[in-house]
Amino acid sequence: MNNIKEMKLYSDAYRIFKDLKALGYAEGDKLSLEDVNQFDQLHYHGTLSVQEAIETINIQENDNVLEVGAGWGGPSRYIAYKTRAFVSALELQQDYSEVGKELTLRTGLQRFVTHINQDFLNFSQKSACFNKIVSWLALYHIPYRKKYTDKLFHLLNKNGMLFIEDLTFGSGFESSHKEMLEKKLFANSLEKYSDYLDTCANVGFEIVEHKDMSSDWESFTNDRLKLLQDNRNKHEKIHGVEGYITIEEFYKTAAECFAENVIGGIRLICKKN
């Protein structure tokens with residue numbers, strides 16, 4: 001299996017501090033969550049998508065929420081700020097988890113957000129203790145889909161809700177794309193849309209709602225790439241030429257894979273009865 005750091009988006013966990021510095025923040029300054037949210041959402045549509053999750057699975061004050069594949073913990077912080085739920089931000093990469101912890105401290109949300117640096121496959125709780133689980137563009141990174149889907153089910157309390165946005169195989173996927181997807185997108189458990197639903201149903205989840213996000217995300221990734229390219233000079237001033245090229249290459253890969261239907265997308269809401 002490839003190293004997740006081969007995926008260009010994840011090569012520099014500390015780049016977010018350069019963005020914040022460009023906004024006028026010095027090291028250690030308290031941070032406005034709104035400012036941080038411009039950079040800490042590594043999925044599509046940022047806080048709009050997180051707000052969608054809050055509303056569709058009804059995340060409320062004092063809920064115990066798990067975010068799987070939290071990155072810098074952007075969604076976790078937004079959920080905590082908006083709802084006063086208690087959120088566990090689980091992230092495989094140590095540097096992202098550490099940066100996330102600092103951002104949580106500097107936004108004053110440490111009472112509500114706990115950062116956990118662990119592989120989800122090894123993550124263990126004595127009993128089902130979450131009433132909500134959320135994940136954005138992270139599950140496809142994890143190998144053994146049936147195993148971790150079963151784990152998601154068992155980590156939820158009875159009547160618990162699951163909100164997922166994730167990648168799927170697109171209609172144009174061929175086996176020749178597999179190596180590229182593993183290397184450039186760290187894809188370890190992609191499935192067809194229909195198989196994704198079946199895997200969740202087979203471990204016991206009730207599928208409450210599902211939506212094909214492919215065309216939406218094709219537009220998003222295309223617009224995101226164009227915006228980056230239009231602002232190349234500004235980005236290079238903050239991150240250097242190499243930093244720009246790294247992100248541009250990743251954004252291009254995502255946009256091209258959607259445009260060619262090599263990958264697709266799913267939004268899925270499930271319940272544990």
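Mentor: Helices (H or I, at least four residues) and strands (E, at least two) are DSSP runs, numbered from the N terminus. The model is a predicted one.

Trainee: Where does Y144 lie?

Mentor: Start with its backbone: phi of Y144 is near 65 degrees, a positive value in a residue other than glycine. As for its place, Y144 sits in the loop between β4 and α6.

Trainee: Is Y144 buried or exposed?

Mentor: The cut-off for exposed is over 50% relative accessible area. Y144 has 56%, so this residue is exposed.

Trainee: Which residue has a positive phi of about 50 degrees although it is not a glycine?

Mentor: Look in the loop between β4 and α6, where L137 has its place. Its relative accessible area is 11%, so L137 is buried. The residue with a positive phi of about 50 degrees is L137.

Trainee: How many residues of strand β4 are buried?

Mentor: Strand β4 spans residues 130-136 and is mostly covered. It has seven residues, and the number buried is six.

Trainee: What is the order of the strands in the open sheet?

Mentor: Seven strands form this sheet, and their pairing is mixed. At the edges are β3 (113-117) and β6 (206-212), each pairing on one side only. Neighbouring strands are turned against each other by 15 degrees on average, direction ignored. The order is β3-β2-β1-β4-β5-β7-β6.

Trainee: In β4, which residue is the bridge partner of L66?

Mentor: Strand β1 covers residues 64-68. Three bridges pair β1 with β4 in the parallel sense. The β4 partner of L66 is I133.

Trainee: How many bridges join β4 to strand β5?

Mentor: Strand β5 covers residues 156-169 and runs parallel to β4. The bridges between β4 and β5 number six.

Trainee: What is the hand of the β-α-β crossover from β4 to β5?

Mentor: The two strands run parallel, joined by six bridges. From β4, the chain passes through helix α6 (residues 145-155) to reach β5. This crossover is right-handed.

Trainee: In β7, which residue is the bridge partner of T168?

Mentor: Strand β7 covers residues 263-271. It runs antiparallel to β5, with nine bridges between them. The β7 partner of T168 is G264.

Trainee: Is R267 buried or exposed?

Mentor: R267 lies in strand β7. The cut-off for buried is under 20% relative accessible area. At 11% relative accessibility, R267 is therefore buried.

Trainee: What separates the C-alpha atoms of R267 and H210?

Mentor: Along the chain, R267 and H210 are 57 residues apart.

Trainee: Which residues are the closest to the centre of the largest pocket?

Mentor: The largest pocket has a volume of about 920 Å³. Its lining counts 27 residues. The closest to its centre are Q38, F39, L227, H235 and Y251.

Trainee: Which element gives the most to the lining of the largest pocket?

Mentor: The elements that give two or more residues to this lining are α1 (15-22), α3 (46-56), α9 (214-230) and α10 (232-259). With six residues, the one that gives the most is α10.

Trainee: How many residues of the lining of the largest pocket are charged?

Mentor: Sort the lining by residue type: 12 are nonpolar and 10 are polar. The charged ones number five.

Terms used
Residues numbered from 1 in each chain as written. Predicted model: local features only at pLDDT ≥ 70, side-chain atom pairs only at ≥ 80, totals over all residues. Heavy atoms only, no water. Buried < 20%, exposed > 50% of the residue type's maximum accessible area, 1.4 Å probe, protein only. Pairing = 2+ DSSP bridges. Right-handed = clockwise from strand over helix to strand, strands pointing away. 1 Å grid on protein atoms, 1.4 Å probe; cavity = no way out; pocket = protein on both sides within 12 Å on 5 of 7 lines; lining within 4 Å. Points joined across faces, edges and corners; volume = space filled by probe spheres on them. Nonpolar A, V, L, I, M, F, W, Y, C, P; charged D, E, K, R; others polar. Axes fitted to C-alpha atoms, helices over the stretch in contact; angles between N-to-C directions.
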